[in-house]
Amino acid sequence: NAAADLFSVATISGNAITYFLQGAFETSAGIGTTAQNYKKPQASTSFAGTTLALSKIAAYVKETDEILADAAFLASEVQNTLVYQIGKAEDAFIVNAIGNTQGIGAETYDGTTVTFADGILKAILKVKGDSAYDASVVILNPADLLTLLTAKDQNKQYYGGGYFVGAYGNGAYGVPASIWGVKIATSSSVPVGSALVCAREAVKIWKKGGIDVRLFEQNEDDALYNRVTLLAEHRLACAVVDLKGVVLLAGEGSGS
């Protein structure tokens with residue numbers, strides 16, 4: 001899945017977005033039952049307005065104009081590849097924007113008494129305990145997902161099921177789509193040994209239209225080389241709007 005598909009996405013027409021970062025939810029006496037003729041407990045929260053400018057993701061390729069004239073399918077393939085690579089860059093942009101946000105939740109694991117898998121569960125429960133939401137996605141580095149999927153017990157049976165059938169020969173094999181009941185996504189932008197555990201509602205993405213693809217036939221010295229320039233670009237912004245709804249898990253001493 002594309003990273004944008006994991007969170008709420010809205011479109012904007014301007015070049016910046018003002019969003020509201022939710023502060024701590026506080027109550028003086030706790031929320032609970034209230035006896036008749038007694039004062040109800042007061043609760044409060046805050047929202048800090050923050051303006052975020054759109055970022056542009058762009059790239060271009062140069063190809064001979066003979067491709068357009070003689071091999072239309074090649075021109076289409078070049079365009080499709082460029083759009084695909086822009087999409088990959090967008091995924092990395094979103095994951096980096098989330099993981100590098102100052103003030104998001106943090107959890108650690110030591111690798112022995114608390115394993116990486118245990119740490120993921122701790123992070124999932126931290127999201128649930130600290131925010132108003134349940135965790136909806138665990139974003140892992142592909143190398144860490146490989147480690148988890150190939151982990152075995154003392155009988156050399158895969159915890160996630162064997163590569164032909166389920167664990168101990170039970171059921172059909174299928175690559176696990178979730179861990180601790182929460183959806184798995186992968187991104188090379190997450191450092192190895194770390195994980196981003198997020199609630200969908202805690203992250204917002206804003207896009208200005210879709211990917212814009214343009215063809216320039218008289219760019220720079222293209223005419224001298226019978227070339228064309230194919231440009232693709234996309235403008236978007238991403239922000240964590242509830243810091244407690246995202247937890248970065250890292251190994252102790254990793255410096256992450």
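Trainee: Which residues of H3 are buried?

Mentor: The buried ones in H3 are Phe116, Gly119, Ile120, Ala123, Ile124 and Val127. Buried means under 20% relative accessible area, exposed means over 50%, and partly exposed is in between, with a 1.4 Å probe and protein chains only. They lie on the same side of H3, because they cover an arc of only 145 degrees around the axis; the arc is that of the directions from the helix axis to the C-beta atoms.

Trainee: What sits on the face turned away from the buried side of H3?

Mentor: That face carries the exposed residues Leu125 and Gly129.

Trainee: And how many residues does H3 have?

Mentor: H3 has 15 residues, 116-130, and reaches 21 Å from its first C-alpha to its last, close to the 21 Å expected at 1.5 Å a residue. The expected span is 1.5 Å times one less than the number of residues. Helices (H or I, at least four residues) and strands (E, at least two) are DSSP runs, numbered from the N terminus.

Trainee: Before we go on, what kind of model is this?

Mentor: It is a predicted model: local features need pLDDT of at least 70, side-chain atom pairs count only at pLDDT 80 or more, and totals for chains, interfaces and linings use all residues. Residues are numbered from 1 along each chain as its sequence is written, and side-chain values use heavy atoms, with hydrogens and water left out.

Trainee: Fine. Which residues have the most contacts inside the largest nonpolar core?

Mentor: Phe7, Ile98, Ile120, Val138, Ile139, Leu196 and Val246, in a core of 47 residues. A nonpolar core is a set of buried Ala, Val, Leu, Ile, Met, Phe, Trp, Tyr and Cys residues joined through side-chain atoms within 4.5 Å.

Trainee: Which elements give two or more residues to this core?

Mentor: Helix H2 (72-99), H3, and strands E8 (137-140), E10 (182-186), E11 (195-198), E12, E13 and E14. H2 gives the most, with six residues.

Trainee: Strands, then. What is the order in the open sheet of six?

Mentor: The order is E7-E14-E11-E8-E10-E9, and the pairing is mixed. E7 and E9 (178-179) stand at the edges with a single partner strand each, so one side of each has no neighbour in the sheet. Two strands count as paired if DSSP finds at least two bridges between them.

Trainee: Are the faces of E8 covered or uncovered?

Mentor: Both are covered: Val137 and Ile139 on one side, Val138 and Leu140 on the other, are all buried. E8 pairs with E10 in the parallel sense over four bridges, and Val137 has Lys183 as its bridge partner in E10. Four bridges also join E8 to E11, which run antiparallel, and there Ile139 stands opposite Leu196.

Trainee: Change of topic. How many aromatic pairs are there in the whole structure?

Mentor: The search finds four. Rings of Phe, Tyr and Trp (its six-membered ring) pair if their centres lie within 6.5 Å; planes under 30 degrees apart count as stacked, over 60 as edge-to-face and the rest as tilted. Tyr158 and Tyr163 form an edge-to-face pair, 5.7 Å centre to centre with 70 degrees between the planes. The rings of Tyr163 and Phe164 have centres 4.9 Å apart and planes at 75 degrees, so that pair is edge-to-face. Tyr158, Tyr163 and Phe164 form one aromatic cluster.

Trainee: Is Tyr158 buried or exposed?

Mentor: Tyr158 counts as buried, at 19% relative accessibility. Tyr163 counts as exposed at 57%, and Phe164 counts as exposed at 69%.
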